[in-house]
Amino acid sequence: MNISPEIRHFLNTPIRIGGRSAPGRLLIAPMAGYTHVAFRELMAHFGGYGLLFTEMCSAKAVPHENPKHSLVFRWRREELPNLVCQLFGADASIMAEAARRVAAEGFFGVDINFGCSVAAVCKRGAGAALLKTPDRAGAMVAAVRKAVSVPVTVKYRTGWADDPGGAAEMARRFEDAGADALTFHPRVAPDRRTRPPRWEYIGRVKEAVGIPVFGNGEVFDAEDVMRMLQTTGCDGVSIGRIALSSPWLPAVWTRGPGAGPPVGNDLYRFCAKRMMDLMRAHFEPVTALRRYKKWALFFAAGFRFGHRFSADIRGAKDIDAICAVIDKFFAGDPERNPRPNMHLFR
Ligand SMILES: Cc1cc2nc3c(=O)[nH]c(=O)nc-3n(C[C@H](O)[C@H](O)[C@H](O)COP(=O)(O)O)c2cc1C
């Protein structure tokens, strides 16, 4: 199914976020270990999105981080106008200091992570843990707001109880504290994507605030994009894993029939190879190999026999071996899955 012309027009309509304007309403969500500088360069090759988010960056590290050495706090100058840096941390003043560095470097804006529910982050009192203490979460947004004039956005999830009213209340708190936009992922912490997201809660959050709300969670195809927008009334859509799997999709969705990149085996092979080149250009060989293998799992989820491809990539000892796996797999003109293989997609 194609995106309807009305929805395409909507996705291409710029949206005001604080004092700046994002050129489109399709966002590429932050993903730790994945939305690094190499992946973002691949995405930029295709385009079609409004904003891209970095991996979550530790607020403690950011003020002193050297972008030449950091794996996560690293960027290409040309991507900054559409790039939001996501920060996580437990302390409002440390977050504010990190936000000042982000703003000084020229990012589009700062995003605050209140969604991550992995134990390593939550036990330090950061990420979704802060949703247990709404006062502290609000104070953190207010501190970051006060520290910078660039857009301040918040990404959060339903909370620790399945309570849409609580999520709407949290949205109001973030808005009152000075957030310029919200990305809302309607799942309870610590659910790591096992149950379906409750999209109907996105509508509740949207109704609660005047700032833009981007819906997030299991948008995998054109029909999902349209259904999320039409059923929730949200202002835009944030996509995560499907962008890893099919980086060309934002371009296909927003440019319309015939105007996006021609989708087929040549494109898939190009992506697999280009990603390798970009990893090598941006990272040391060991990191490039490790990060490529992680990404390949999501990329493989788009193919009918992707598990075989993914296992072969995982077993490859070096970059030459990976290139041989890619050549062999695409020589067979592999079949695409209509929806990603969820066993590879967790
Ligand atoms: C591997 C992985 C890493 C993620 N890392 C982050 C992160 O650093 N910050 C964040 O706010 N969300 C993170 N998320 C959550 C995603 O941004 C998104 O909310 C989630 O994947 C649901 O969207 P999707 O169904 O479109 O993938 C991560 C998700 C995945 C799969």
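**Ligand shell and domain contact**

Strand β4 (51–58) and helix α9 (241–245) each supply at least two residues of the shell around the ligand. Helices (H or I, at least four residues) and strands (E, at least two) are DSSP runs, numbered from the N terminus. The model is predicted: local features need pLDDT of at least 70, side-chain atom pairs count only at pLDDT 80 or more, and totals for chains, interfaces and linings use all residues. Residues are numbered from 1 along each chain as its sequence is written.

The ligand is surrounded by 22 residues. A residue counts as near if its C-beta atom, placed from the backbone, lies within 6 Å of the molecule. The closest are A29, A32, M56, G240 and R241. By class, 10 residues of the shell are nonpolar, eight polar and four charged. Here Ala, Val, Leu, Ile, Met, Phe, Trp, Tyr, Cys and Pro are nonpolar, Asp, Glu, Lys and Arg charged, and the others, Gly among them, polar.

The protein is divided into domain 1 (5–255) and domain 2 (265–331), with bounds from an automatic or database domain assignment. Their contact takes 15 residues from domain 1 and 16 residues from domain 2. Contact requires C-beta atoms, placed from the backbone, within 7 Å. On the domain 1 side, α2 (37–46) and α9 each supply at least two residues. The largest share, five residues, comes from α2.

The contact of α2 with α11 is made by V37, A38, E41 and L42 of α2 and C271, R274, M275, L278, M279 and H282 of α11. These residues divide into seven nonpolar, one polar and two charged.

Key. Two residues are in contact if their C-beta atoms, placed from the backbone, lie within 7 Å.
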